[in-house]
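Reader: I'm new to this one and would like a close look at a single part, then a tour of what surrounds it. Could you take it slowly?

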Amino acid sequence: MKILVVDDDAIVIKSCRRILEAEGFEVTTVPSADEALEKVKYYDFNLLLMDVKMPKHDGIFLMREIKKNWPGIPIIVMSGYPTPETIGGVLKLGATQFIAKPFRPDELTKVVRQVLEKAIQKDSFPTGAGG
Amino acid sequence: MFYSTRSKLILSFLGIALLVCGVALLVGGQLLYKAVLNEATSRVSLDLNAARELYLSRIKAIRLGLHITSIGPIFRSALEKKDIQTLVNRLSVVAQQTELDFMGVVTREGKTLGRIGPNSIPKGNTPANPIANLVLQKQTTVSGTVVLNHEFLFSENPELAERARIKLLPTKKATPRSEMEKLSGMAMAAAVPIFDAGNFLGVLYGGVLLNRSEEIVDRVRDTVFQHEIYKGRSIGTATIFLEDIRISTNVLNPDGNRAIGTVASEEVTKHVLTEGKKWTDRAFVVNDWYITAYEPIEDIFGQRVGMLYVGVLEAKYADVRWKALSLFIVITVAGMVLAIGFGYIIANKMSRPVKQLIEASNQVSQGNLSPEIGPISKSEIGVLQKTFQEMLTSIQERDKRQRVESETKLLQSEKQASVGKLAGGVAHEINNPLTGIVTFTHMLLRRNDIPEEVRADLETIAQETERVRKIVKGLLDFSRQTALDREPTDVNRLVRQTVTLVENQALIKGVNLTFESGDGLPMVTLDRNQMQSVLLNIIINALDATDPGGSITVSTNIGISTSHPGQKGIEVLCTDTGCGIPPENLNRLFDPFFTTKDVGHGTGLGLSVSYGIVERHGGTIWVQSKVGKGSTFKVWLPTEEQSEGNENIGSG
């Protein structure tokens, strides 16, 4: 399972990589939305774990791009500013799940697993199979 | 303009002045005039006496003249010698000296022996001589007034007859009559008997014709009235009437001639001539009003044949009246001028403080709360001025209090907003490193190969990190004061629900928690969840502050705002018997992060968040406390929400 983590803060990237790799996921990390889009162009990912607030292009921009070009990739949005407006906003834009920072390792793995399971279920019973 | 105090006052003064002066004018003028008139009437009455004396003394003088003549030697010898020519000459001399108009001697038989005048020695019969005949009869001296007919006068002297002839002139108020001319004359005459050694020889007679005579009347005028002139006319006048016809007078016609031939008024004639009474009153004489006195003249036979009159021109006294009236009018006008002046001054004095008060009120309405009132008046207006000043003082105080309140409120809001922003930023920034700490602590804890000691330390780190997480979450809650989701709410129900939530905790702690719901509370539009968290926060704070055995009373009321005067609303009160809040903490109570609780037992954001929520409902939160006695929190909420622009404060 390949997961792309997008966050401008190195400690968050480091934490996510540590937790998810411990669970056996293949983790790729990038510090900005633009680099994330580059990665998505050339590699397939099963999941996108991304921050909202980032310099230059933010998470909202990235999410719109992903949803436009690669609508099949599930997205988990994480934020250190978990207001109802933020949560409601990202879910409306197509995020699969939201997780508030800081999270404990078990909380993150639980959310990731849930999302991935859902995605797999979707993939298992497609009417028109995709890649 | 007529409704102003000044006009009213001036009009009142004017009215009083007019009334007083008018009465004085009427009463005084009239009384004065009457007094003057009475005085004049009694004076005229005396003047008439003087005139009568003059009249009588003239008759006396005639009688005396005749008497002396009758005993004179020339007269005697001429009479004895029957020398008629000498006799006549003697008579002529005497007549000239004593100014007699007729004079003669009549024999014992009644025959005229001789007389003065052109027909001095008459031939044949002569007309009856009334006065001589009387003496012939009585053989004593007779003197007085006598009416002589035309025949007698003509026989004596045709000139006399001509002088006696008086043409009647029409006059107003006169008795109407048919005759046009008066031929008979009236005379002052005397006749003395002539005796010689006891033998009655005859009669010496003589007299003055009064018709057209100026002698008596002018003497009265010149001696009694001293020829006083008023506006070119003599004030005093005298007249001798034959019957009611003026035969001798110095009353003038309008043309300036003596009013001979004019007739007395009917009223006077009737009173004096017919009834024989004296008349003293105003009377219309010829053409003017006079103050007059009349009395009848009796002739030698005791018959009323004429009247004696004196009169004073009324115009002089009328003038006195007019002078008095003018004086009164001048006084009245002066009084009115004074009234207007005084009224003006007093009204000004009275209205100046009132005007100043009006001006002050205007200034107050324009926002100037310390206008000039002017010196405090000693009258009732002074009370008004003082009251006005007190009112101003209390308005100023209220204004100051409100300003302080709103400044405090503004400061609190600003504090809230800036702290909210700060908290949001801090939370976001802290959460990232916190993620690292949480992650790696837990990753370490997952390992089985760490010693128990290390594990315990890691556990501590994990716990404290959890605490940090909660603090940051509180910060976020504070910063994230979300928009209100309002709906009409029964406040009593909301409060009861909230109280129920805490009841168990209170029970466990041994605190008596009661709710007293107020009656007749209107529905209030509010965010139930947020308002509940406010109430919960306050009640839990109270519970924390109250020791076992204490009590907490929550109650609801209809309340009027203290900071928004007149605005209706409801209030929720929470009174505890807890430890109270020290005064130095009261002001900081709603500041973010302010807490008196032990470390780890509160973020210090609860009341601050509550403040924000209540404020966004347009309400106020307020606390009163006494150390050791307890505290009362009051949440006031408006029932009619005004549009508030700060609902989204601190969110986003």
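Between which two strands of chain B does the loop with B:Glu243 lie?

Author: Happy to. A word on the model before we start: it is predicted, so local features need pLDDT of at least 70 and side-chain atom pairs count only at pLDDT 80 or more, while totals for chains, interfaces and linings use all residues. Residues are numbered from 1 along each chain as its sequence is written, with chains lettered from A and ligands numbered from 1 in the order in which they are written.

Now to your loop. B:Glu243 sits between strand S10 (236–242) and strand S11 (245–249) of chain B. Helices (H or I, at least four residues) and strands (E, at least two) are DSSP runs, numbered from the N terminus. B:Glu243 isn't a glycine, yet its phi is positive, at about 55°. For background, most residues other than glycine have a negative phi. B:Glu243 has 19 C-beta neighbours inside 10 Å, so it counts as partly exposed. The cut-offs go like this: 20 or more other C-beta atoms within 10 Å means buried, 12 or fewer means exposed, and in between is partly exposed, with C-beta atoms placed from the backbone.

Chain B has another non-glycine residue like this: B:Gln139, with a positive phi near 55°. Look for B:Gln139 in the loop between helix H4 (130–138) and strand S3 (142–148) of chain B. B:Gln139 counts as exposed because it has 11 C-beta neighbours inside 10 Å. A positive phi also turns up just after helix H8 of chain B, where B:Gly276 takes about 75°.

Helix H8 (residues 266–274) itself has B:Val268, B:Thr269, B:His271, B:Val272 and B:Leu273 buried. Those buried residues pack against strands S12 (279–285), S13 (288–298) and S14 (304–313) of chain B. Contact here means C-beta atoms, placed from the backbone, within 7 Å.

What about the inside? The largest nonpolar core has 85 residues, and among those touching the most other members are B:Tyr205, B:Ile247 and B:Met307. Such a core is a set of buried Ala, Val, Leu, Ile, Met, Phe, Trp, Tyr and Cys residues joined through C-beta atoms within 7 Å. Strand S6 (residues 185–196) of chain B gives the most to this core, with eight residues. A second, separate core of 76 residues includes A:Leu4, A:Cys16, A:Val90 and B:Val511.

Over in chain A, five strands make an open sheet in the order S2-S1-S3-S4-S5, with parallel pairing; two strands pair if DSSP finds at least two bridges between them. Strands S2 (26–30) and S5 of chain A are at the edges with a single partner strand each, so one side of each is left without a neighbour in the sheet. Strand S1 (residues 2–6) and strand S3 (residues 47–51) of chain A run parallel and are joined by four bridges. One of the pairs there is A:Ile3 with A:Leu47.

A:Pro102 is in the loop between strand S5 (97–100) and helix H5 (105–124) of chain A.

Finally, the two chains meet through 18 residues from chain B and 19 residues from chain A. On the chain B side, helix H10 (residues 380–446) gives the most, with 14 residues.
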